[in-house]
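Open the model in your viewer and keep the selection panel at hand. Each stop below says what to select and what is there.

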Amino acid sequence: MNQKLRKSGIDIIGDVPWGTHFCQFYQTKEDLMDILVPYFKAGLENNEFCMWVTSQPLEVEYAKEALRRAVSDIDTYLGKGQIEIVPYKDWYLKEGFFDSEGVLNGWAEKLSQALANSYDGVRSNGNTFWLEKKDWNNFVEYEENIDNVIASFHMMALCTYCLDRCSATEIIEVVNNHQFALIKRDGEWERIESARRNRTEKALTQSEQRARVKLESMLLPISPARKIAGLKFADIIDTRAIQSLLDDFYKFVPITMALLDLKGNVLVGVGWEEICTRFHRVHPETCKHCIESDTKLSAGVAPGEFKLYKCKNNLWDVATPIVVDGQHIGNILSGQFFFEGEIPEYELFRVQARKYGFNEEEYIAALEKVPRLSRKTIDTCMSFLTKLAHMISQLSYSNIKLTQALVERDALVNALRESEEKYRNLMETANEGIWVLEWVLDSEARTTYANEKIAEMLGCSREAMIGKSVRDFTDEEGKAIFEMNMKKRLQGINESHEFKLLRKDGLPLWALVNSKALFDKYGKFTGSISMLTDITKRKEAESRLKDAYEYLEKLVEERTSQLEEAYNFLKESETGLAEAQKMAHIGNWEWDITTDKAYWSEEMYTIFGRDPQKLAPSFNEYSNYIHPDDREDFDDSAKKAMNGKPYSITYRIVLANGEERTVHIKSEVIFDEKNIPVRIKGIVQDITERKKAEKTLVNFETARKKEIHHRIKNNLQVISSLLDLQAEKFSNREYVKDSEIMEAFRESQNRILSMALIHEELHEGREIDKLKFSSYLEKLSENLFQTYRLGNANISLSMDLEENIFFDMDTAIPLGIIVNELISNSFKHAFVERERGEIRIKLYSDKTGECKENRTGRKKEDFKTTSFVLAVSDDGVGVPESFDLENPVSLGIQLVITLVDQLEGELKLKRDSGTEFVVRFKAEEKQ
């Protein structure tokens, strides 16, 4: 190879020979221009063909502009084709993927064209910013091939790598495949020499240990049964030792000898003739002939034999194969000679010189130096080389088997280490605390491991926990519980339990502990491992709920309004709890009405079991997912939405595999400036599992609500009894026996009992959210008559109640108190100084309102808004003319008016014959 130095244009490098292969690590566009612009400027000024393959961040036009600022006549160079600047897609990814062999052939063609156009050689750069991780290994092998062959050609290559896109391992690989690397430190460029500067240096420094390491790296991911064909020849021989052996043999028999792999790469060589090193191996075409001769013409020879043939450059070669475990992996070659007495075909070689542009006189002079050997010399030499080939085969096979055994051992060790590291990582990153105790001295369990989470939960460091007992982190009660639990571990009992610990700051830490006893291979107890989940907030919530429960118990001693507020608060809490339990399996979507195209989020594809690679469905295709029984409701809601009404409905869908799911959809329509609907967007939530859970919770919810009604009824009866006892206390006092105080006690009792009766009916009946009001009025009236009939034995009751009227609590309680107050008034005031009388109660529905939508958005007959009339009358003396319904003096009538307002009803008084109060109101009648 011509060792004449070339100007690199880069100050820190200076002049370099042909065959220089180096790299640059950059971070910015300016870093690239610092090196590439002077690099190509020097090449253009020194009669070299320049090839610049660009990628981000320095694209083609930007590269041209950068050169234009440094090279005034750059357009002239571009015009005559001395420099080509092409994007990476047109060079590295011509077919849409990286083909290393195709790219290598491309460089060979560029060199051939450059030499044919009288350029001194090729200067190139390729930016690897485009390189993806999936192509990395293939590209590294390509760079290694470049590094192996470039030394033989008039080529210079600079490869640029983005430092931010390379890992530490990848940086090492890049440096190893280049003679040196350029990197900027503190604003200055530095040159870093590679441990493998070129192929010759690598061959000379390679050792048996390095061969073993390379073998291990290749065999490690492969099973022991891997075929030898999968290995490279260079990876299984000690090239340094063989090179030394050939050097010694050459001193006695000066004949060319070499070891080659099946790709024609020369691994070890000695005695190469000038006609090959200076001419045949330099020109791309003749070099191809050499490689083809080394790989194809030498094929088909049996082990222990050799083949004599003329290479395609018309010199004699002789080869014997190297076979390892039945696989042909390389050849030992001798050659580049003529036989004694053989006259070379000079004219043939002169034609070759003219064809490939060699200096004819120098070429013929090199031809004259080719040795003339006798057949006996060749036979003696090849006898040695065939024995050497057999020795290499045997030693290589032994090395491979040994390496395989070592690799298997190391693989097992690494697998164990990786498994241990894996589980350690799991423990370190777990969201639960992990606590390992070791049983020591047959009496104590001490901490040997605690992950970061448990230390964080306890508010201390992991180091502070090591060597301590669980007793050091709990109170006296916890210590006793811990002792009991350890006795269970000793018996091999594993369990899950709640346990209270104390943080470093003294605050309690409640944890759900899952413990497992540990035993050695002899069955001896060695300790335990526990996983702890922080449930402090849950315990605090339970404590708060307990306090709230106790508070509710006390509320029954207060006024009725406070009880109602507590009940409403309880209902709101139930609603909040139900909402909090909804699953968050939600996807969002958007449909363009004009184009009938839709967008689905990823979760939408999951909910509908649709391939994410497919487009979102059109409206008609989406309709096919909807259960046939639910399509009408869905279409009705969609039509309403077009009129600007957002809709929220629940319906069923059927997936492609036949699976049925229940979803809830909320959406709204987007209108343009002309009020024309253009888009619909919304969310869909998969509530299938929630629906299943709701079914299982129905019985529990029913029992819970019954218990609530039972407890409220009992508490109200307790209040009534307390009032009764208090009244009894005053009844023996003459001055209060018939006073307003006693009357107040009795009225309060009646009001409380009217509410208690409602809860009793709800507890004893099958329905827990609705009350059959006609039955309730009958019982309420009967209780009132028992209370007031003493001294009024001839007063009768007439009831005209419509059957099957059901009200919820919000309607039933006010109505019950209204009836209580009006009947009580009749008993107290209507029949003064009369022997007989009649009280009448009438309840009926007036007319039916429109059907409302229930919570799911579907029309049902469960709820009807209905007008009702409640009339309570008597044939007594009537109310005084001075009585003003708008400004009543009586507390009872004031209460009636307030409750009617609460029902958003209307109250009228009739004085025709006795007294009649008529209440008109609307309510959702429960069916």
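Select Cys 460. It is buried, at a relative accessible area of 17%. Buried means under 20% relative accessible area, exposed means over 50%, and partly exposed lies in between, with a 1.4 Å probe and protein chains only. This is a predicted model, in which local features need pLDDT of at least 70, side-chain atom pairs count only at pLDDT 80 or more, and totals for chains, interfaces and linings use all residues. Residues are numbered from 1 along each chain as its sequence is written, and side-chain values use heavy atoms, with hydrogens and water left out.

Next, Cys 276. Cys 276 is buried too, at 5% relative accessibility. What does a disulfide search of the whole structure find? It finds 0 disulfides, a disulfide being a pair of cysteine sulfur atoms within 2.5 Å. For Cys 276 the nearest cysteine sulfur belongs to Cys 290, 5.5 Å away.

**Salt bridges**

Now turn to charged pairs. Side chains of opposite charge can pair when their charged atoms come close. A salt bridge here is a side-chain nitrogen of Lys or Arg within 4 Å of a carboxyl oxygen of Asp or Glu. The count by this rule is 44 salt bridges.

Select Glu 48 and Arg 6. They form a salt bridge, with the closest N and O atoms 3.0 Å apart. Arg 6 sits in strand S1 (residues 5-7), and Glu 48 in the loop between helix H1 (29-45) and strand S4 (49-54); the two are 42 residues apart. Helices (H or I, at least four residues) and strands (E, at least two) are DSSP runs, numbered from the N terminus. Buried or exposed? Glu 48 is buried, at 0% relative accessible area. Arg 6 counts as buried at 8%.

Asp 120 lies in the loop between helix H4 (100-116) and strand S6 (122-127), and Arg 6 in strand S1, so the pair ties together parts 114 residues apart in sequence. Asp 120 is partly exposed, at 30% relative accessibility.

Jump to Arg 471 and Glu 483. Their closest N and O atoms are 2.1 Å apart in a salt bridge. Glu 483 is in helix H17 (476-490); Arg 471 is in the loop between helix H16 (462-465) and helix H17, 12 residues away. Arg 471 is partly exposed at 24%, and Glu 483 is partly exposed at 33%.

**Confidence**

Colour by pLDDT, the predictor's confidence in each residue, from 0 to 100. The chain mean is 80, and 77% of residues reach 70 or more.

Select residues 197-227. Here pLDDT stays under 50, and the model has 57 contacts beyond four places in sequence, a contact being heavy atoms within 4.5 Å. Then select residues 849-862: pLDDT again stays under 50, with 27 such contacts beyond four places in sequence. Where pLDDT is low, the predicted coordinates should not be read in detail.
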